[in-house]
Amino acid sequence: MPEPTLLLAMGAILLAIGAFAGVLAGLLGVGGGIILVPAFFYAFAALGYETPQLMQVCLATSLATIIVTSARSVLSHNRKGAVDWSVLRGWAPGIALGAILGVLVVAQLRTTTLQVIFGGLALCVAGYMILGRSHWRLGSAMPGGLARAAMSPMVGLLSVLMGIGGGSFGVPIMTLHGMAMHRAVATAAGFGLLIALPSAVGFLLTPLPAGAAPPMTLGAVNLPAFLLVISMTLLTAPLGAALAHRTDAKRLKRVFGGFLVLVALNMLRKALI
């Protein structure tokens with residue numbers, strides 16, 4: 001068991017992480033998970049829990065927080081009439097199926113492999129943030145039929161492999177198919193709930209070896225980290241949303257994309273060296 005002073009320090013760090021993730025989620029329309037996963041990894045590793053199962057704990061705990069933040073976000077956006085429920089209904093079965101498959105895949109992988117996957121996918125997300133243009137289009141309407149049947153499970157699967165909600169993949173897909181940005185962000189919050197709820201339940205039922213996870217971990221979800229982060233994201237996400245109306249979102253996304261490149265490369269470095 002770590003020293004109480006170290007636990008207190010990590011608690012303070014997790015509160016700060018939650019506050020930062022909440023602001024980013026509101027400010028940039030990206031899920032806090034893309035910050036939470038590496039932050040959890042470094043915090044838990046500092047506690048001495050850099051085990052082959054550590055990334056499972058990080059992904060699972062991040063997804064558990066997304067249940068709360070996504071539900072709150074969907075309700076807020078729905079009050080403004082911004083959520084496209086027809087898209088959510090059409091994509092829901094595939095996204096949920098992909099999320100469940102993601103849990104089964106993650107349960108079979110170890111920290112090093114999951115670090116490589118996270119780093120590689122994070123570089124892709126960062127690349128789109130830095131290079132993406134608002135006028136890019138793949139179509140004038142969201143895909144249906146076989147295209148949707150193929151794409152929706154991939155959104156769920158890739159999101160679980162990164163421990164994130166639906167924003168990082170869902171928003172680009174929707175905007176590239178002609179949906180307005182504010183409507184895409186609102187609808188992607190619903191994607192996040194469809195991803196996080198089944199995957200978090202699956203991770204709660206995922207057994208880990210004794211001593212492989214930090215204290216008070218249920219299945220693969222660390223309860224103290226979940227509670228501390230949620231307490232802060234619920235407070236700071238509205239602040240980020242308010243700031244979004246007074247800042248240059250395009251420039252901020254590119255700056256955050258550069259920051260994400262550094263995070264991804266460091267994760268890959270730790271996995272491969």
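E50 and K270 pair up in a salt bridge, with their closest N and O atoms 3.9 Å apart; the term means a side-chain nitrogen of Lys or Arg within 4 Å of a carboxyl oxygen of Asp or Glu. E50 sits in the loop between helix 2 and helix 3 while K270 belongs to helix 10 (residues 249-272), so the pair ties together parts that are 220 residues apart in sequence. Keep in mind that this is a predicted model, where local features need pLDDT of at least 70, side-chain atom pairs count only at pLDDT 80 or more, and totals for chains, interfaces and linings use all residues. Residues are numbered from 1 along each chain as its sequence is written, and side-chain values use heavy atoms, with hydrogens and water left out.

**Salt bridges and cysteines**

- The salt-bridge count comes to two.
- Both E50, at 48% relative accessibility, and K270, at 31%, are partly exposed (buried is under 20% relative accessible area, exposed is over 50%, and partly exposed is in between, using a 1.4 Å probe and protein chains only).
- D84 makes a salt bridge with R183, and here the closest N and O atoms are 3.8 Å apart.
- D84 is in the loop between helix 3 and helix 4 (85-108) and R183 is in helix 8, so this pair links parts that are 99 residues apart in sequence.
- D84 counts as buried at 14% relative accessibility, whereas R183 is partly exposed at 28%.
- As for disulfides (pairs of cysteine sulfur atoms within 2.5 Å), the structure holds zero.
- C58 is buried, at 0% relative accessibility, while C124 is exposed, at 54%.

- Helices (H or I, at least four residues) and strands (E, at least two) are DSSP runs, numbered from the N terminus.
- Helix 2 (residues 33-46) has 14 residues and should span 20 Å at 1.5 Å a residue, which agrees with the 20 Å between its end C-alpha atoms; the expected span is 1.5 Å times one less than the number of residues.
- Twelve of those 14 residues are buried, so helix 2 is largely enclosed by the rest of the structure.
- The buried residues of helix 2 include I34, L36, F40, F41 and F44.
- After helix 2 comes G48, with a positive phi near 95°.
- Helix 3 (residues 54-79) has 26 residues and reaches 38 Å from first C-alpha to last, close to the 38 Å expected.
- Helix 3 has a kink of about 25° centred on I66, the bend being the angle between axes fitted to the seven residues ending at a residue and the seven starting there.
- G81 follows helix 3 and has a positive phi, near 70°.

**The nonpolar patch**

- L197, V201, L204, L205, M216, L218 and L223 make a nonpolar surface patch of about 670 Å².
- Patch residues have over 30% relative accessible area and no salt bridge; like charges are joined within 9 Å and nonpolar side chains (Val, Leu, Ile, Met, Phe, Trp, Tyr) within 5 Å.
- Helix 8 (residues 181-204) gives the most to this patch, with three residues.
- V201 is in helix 8 and is partly exposed at 43% relative accessibility.
- M216 lies in the loop between helix 8 and strand 1 (217-218) and is exposed at 59%.
- M216 is not a glycine, yet its phi is positive, about 60°.
- L223 is in helix 9 (residues 223-244) and is partly exposed at 34%.

**Another helix 9 residue**

- L227 is also placed in helix 9, and is exposed at 55% relative accessible area.

Key: Areas by Shrake-Rupley, 256 points an atom, 1.4 Å probe, with all protein chains shown as cover.
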